[in-house]
Amino acid sequence: MKIKLLAATLLSLSFMLVFNSCLGNAEKESPQVIPEDLPDGTLASDLTSIQFALKMQAGWNLGNTLDASSTGDKNNKGLSTETSWGMPATTRQMINAVAEAGFRTIRIPVSWHNHIIDSNLTIDPQWLARVKEITDWALDKNMFVILNIHHDNITSSQLANTYGYTLNTNSSEQEESLKYIKAVWKQLAEYFKDYDQHLIFEVLNEPRNRDGENDGFAIPSNLSQLNGIIASYNQAALNEIRSTGSGNSQRFIMLPYYATSACDYSGWSLPSDTASDKLLISVHAYCPYDFCMSNTSDSTFEESDEGSSIDWLFNTIKNQWVSKGYGVVMGETSASDKNNLSERLEWFDYYYKAAKKNKVAVILWDNMVISSASGGQGDINSGECHGYLNRTNQTWYFPAIIEKIMSVTN
């Protein structure tokens, strides 16, 4: 998660009003019949991507945990990175608390570049085992699990001394990046190939040119070109996953475009796939930015303002993807705690109803930071207070918010 994402999204509004000129003429979709909960072992071959996405609603992120990362050398950092960003070590009790609250999906962001043990890009077996352990805890509760490549997107200068991938027009860097992405997904796919369709792979998290303006979140002038490169990365990863067979032959795969920003899809296309209708569009949206992410004083929800932004967001997603038959998973969203619980409850009610109406699965971002721990409203970090589960004692900081999510989605 990066706090500039929706700023870039909203700055592109004028661009999108032209690019999405057919917004008001979206193709109508017939109602979907959603089957009962998937039993263990189901291949989900009878589900469309839209049906499958709706089965995942609602979800929760194990944020700032296995995705914790650092750059500057290629040394294996070991298991200690799980707590390096201030989170306690993940326990079965935490996962159980999320399941018992009613969440159907856990997204487990994972950074791999600090866990490569040799020049062949071999992943540390102990790190793989730890990821598997947490994944299995969620699957034991009959939840869906999303695994991804998270903070492995680095700058050009970092590529010399850090494993990972870049996104730019340098052909040699693209070649090196493809090698990394293919190696990681080949290993993950082989390791988890016998898992059923409760496990979902998300190819990349917020891919962007990190040497660009605002860490790459500003809309680049060569957006279409960069999206073409992302499409090639997606295709390479998908090929590696499918080639391992078994459960991966029909596994649902989440695919991003530039910065995973809901509207920055110019020049991007879905990869060719040997499976039918098993691809999910991956987007992120903290919308509207000033209310959800900024450390400004915007802490009041008004339907005519914040509600209009939310309507525009989901109309864009529906017009471009859902109305055309593609399932969409919003892998991250949240509204930062600014000591404004009643206003946030209005936001959650409006946001999750809009997601449900437009058939978009939503995964709540959680970094276990609340206003009282960061200085409160007006503090420089007040845009990053996305704490929901107190992982120390497995209680919820804002039970009313969790109840609101469940009342709307389930």
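This is a short chat about the predicted model shown above.

Me: How many helices and strands are in the protein chain?
Reply: The model, a predicted one, has 12 helices and 10 strands in its protein chain.

Me: And how do the strands close up, in what order?
Reply: 8 strands form a barrel, running β1-β2-β3-β4-β5-β6-β7-β8, with parallel pairing. From one strand to the next, the twist averages 25 degrees.

Me: Take β7 and β8, then. How many bridges?
Reply: There are 4 bridges between β7 (residues 327-333) and β8 (residues 360-364), in the parallel sense. Across that pairing, Val-329 of the protein chain is opposite Ala-361 in β8.

Me: What holds strands of a sheet together in general?
Reply: Backbone hydrogen bonds, and the pairing can be parallel or antiparallel.

Me: Switching to rings. How many aromatic pairs?
Reply: The count comes to 22 aromatic pairs. One of them is Phe-314 with Tyr-351, an edge-to-face pair with 5.2 Å centre to centre and 75 degrees between the planes.

Me: Which helices do those two sit in?
Reply: Phe-314 is in helix α9 (residues 303-320) and Tyr-351 is in helix α10 (residues 341-357), so the pair ties together parts 37 residues apart in sequence.

Me: Are Phe-314 and Tyr-351 buried or exposed?
Reply: Both Phe-314 and Tyr-351 are buried. For Tyr-351 the relative accessible area is 0%.

Me: What about Trp-347 and Tyr-351, why is that pair called stacked?
Reply: Because their ring planes are at 25 degrees, with the centres 4.3 Å apart; the cut-off for stacked is under 30 degrees. Trp-347 and Tyr-351 are both in helix α10, 4 residues apart, which is about one turn of the helix. Trp-347 is buried too, at a relative accessible area of 0%.

Me: Which residues do ring pairs link into a cluster there?
Reply: Phe-314, Trp-347, Phe-348, Tyr-351, Tyr-352 and Tyr-388 are linked that way.

Me: OK, charges over rings. Where does the charged end of Arg-251 sit?
Reply: Over the ring of Phe-201, 5.2 Å from its centre. There's also Arg-344, which lies over the face of Phe-398 at 4.7 Å from the ring centre.

Me: Zooming out, how much of the chain counts as buried?
Reply: 60% of the 410 residues. The accessible surface comes to about 14800 Å², and carbon and sulfur atoms own 48% of that.

Me: And what share of the contacts is between residues 24 or more positions apart?
Reply: 77%, taken over contacts in the protein chain with a separation of 6 or more.

Note on methods:
Residues are numbered from 1 along each chain as its sequence is written. This is a predicted model: local features need pLDDT of at least 70, side-chain atom pairs count only at pLDDT 80 or more; totals for chains, interfaces and linings use all residues. Side-chain values use heavy atoms; hydrogens and water are left out. Buried means under 20% relative accessible area, exposed over 50%, partly exposed in between (1.4 Å probe, protein chains only). Contact means heavy atoms within 4.5 Å. Accessible areas come from the Shrake-Rupley method with a 1.4 Å probe; for residues, only the protein chains shown count as cover. Two strands pair if DSSP finds at least two bridges between them. Axes are lines fitted to C-alpha atoms, for helices over the stretch in contact, and angles run from 0 to 180 degrees between N-to-C directions. Rings of Phe, Tyr and Trp (its six-membered ring) pair if their centres lie within 6.5 Å; planes under 30 degrees apart count as stacked, over 60 as edge-to-face and the rest as tilted. A charge sits over a ring if NZ of Lys or CZ of Arg is within 6 Å of the ring centre and within 35 degrees of the ring normal.
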